[in-house]
Amino acid sequence: MNIQNESNIKRFRKRKWNEITDKDNIPICDKVHSELNWKIIKYENLNLSYCSTFLSSCDSQRFFTELEKEVKYLSGDLAKVRVYGKWHNLPRQQAAYGDIGLTYKFSGFTIPALSWTSTVLELKTRLEELIPYKFNFCLINRYRNGTDSIGEHRDDEKELDNETPIASISLGQHRDFVFRHKDCRSKNLTRKIEPYKILLENGSVLLMNPPTNTYWYHSLPVRKKLPGIRINLTYRRIVSK
Ligand SMILES: O=C(O)CCC(=O)C(=O)O
């Protein structure tokens, strides 16, 4: 993950989007089979599957409480980020869990994954029962309130298996999540492609299916009026190359 701008991003205009649900009988990702109602979003190499009811509200509350007890967030220099040569405190808390020996590269640091906690592992099992992929790594971001955020970036590290989606589970405070096409970031725009915004709700899962991360940047902008804590877990598959 290479975060170039941790600052607040612009608010985006609302637009009508090409949203297809499985009621339309058009599977967004052929490999997703379940009784859950998936919302499928496909546009210009953006390929998302979103399910707001992945966890019941009772399970969501339980997982949230357990994670608050179990997760050990990075501290000291590992909780800082370098933007244009200057060091800043990360505007959120971060932790990495996974199979022994796996590491995660972030802002010039290589962070070893801690071994799975029972709750992070249980959520991984729930995902793997639902979709036909295996995950070996989980990055956790904890947003203390609406002032915490994550800047625009792509998860396009070469270590990530490019056939496995990134599965993003949200717990706690709902927050907006914004996608912006890479061709729309420079001042000399060659094309006009509208950003896409999705509300990530408590207990939901969002699959960022390939090739989304090759073409689209994503961010979780500041929302100062939202006071609650949000925990996000992104399950990934790392392969040695
Ligand atoms: O908090 C989120 O929903 C997403 C976090 C994120 O962008 C990432 O882990 O790459």
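Two strands count as paired if DSSP finds at least two bridges between them. I kept that rule at hand while reading this model, which is predicted.

**Entry 1: strand pairing.** I looked up strand S13, residues 175–181, and strand S14, residues 196–200. They pair in the antiparallel sense over five bridges. I then picked Phe177 and searched S14 for its bridge partner. That partner is Ile198.

**Entry 2: another partner for S13.** I turned to strand S16, residues 216–220. S13 and S16 pair in the antiparallel sense over four bridges. Here I found Val178 opposite Ser219 in S16.

**Entry 3: helix H2.** Does the length of H2 agree or disagree with its residue count? I took residues 118–130, which make 13 residues. At 1.5 Å a residue the helix should span 18 Å, and its end C-alpha atoms are 19 Å apart, so the two agree.

Next I asked which residues of H2 are buried. I noted Thr119, Val120, Leu123, Lys124 and Leu127. They cover an arc of only 145 degrees around the axis, which means they sit on the same side of H2. The face turned away from that buried side carries exposed residues: Ser118, Thr125 and Glu129.

What do the buried residues of H2 pack against? I listed helix H1 (57–70) and the strands S6 (93–98), S10 (137–143), S12 (166–172) and S17 (230–236).

**Entry 4: the core.** I went to the largest nonpolar core, which has 44 residues. Cys138, Ala167 and Leu233 touch the most other members. I followed Ala167. Leaving out residues up to four places away in sequence, Ala167 touches Leu127, Phe135, Val205, Leu207 and Tyr235. Leu127 was already in my notes as a buried residue of H2.

Methods: Residues are numbered from 1 along each chain as its sequence is written. This is a predicted model: local features need pLDDT of at least 70, side-chain atom pairs count only at pLDDT 80 or more; totals for chains, interfaces and linings use all residues. Helices (H or I, at least four residues) and strands (E, at least two) are DSSP runs, numbered from the N terminus. The expected span of a helix is 1.5 Å times one less than its number of residues. A residue is buried if 20 or more other C-beta atoms lie within 10 Å of its own, exposed if 12 or fewer, and partly exposed in between; C-beta atoms are placed from the backbone. The arc is that of the directions from the helix axis to the C-beta atoms. Two residues are in contact if their C-beta atoms, placed from the backbone, lie within 7 Å. A nonpolar core is a set of buried Ala, Val, Leu, Ile, Met, Phe, Trp, Tyr and Cys residues joined through C-beta atoms within 7 Å.
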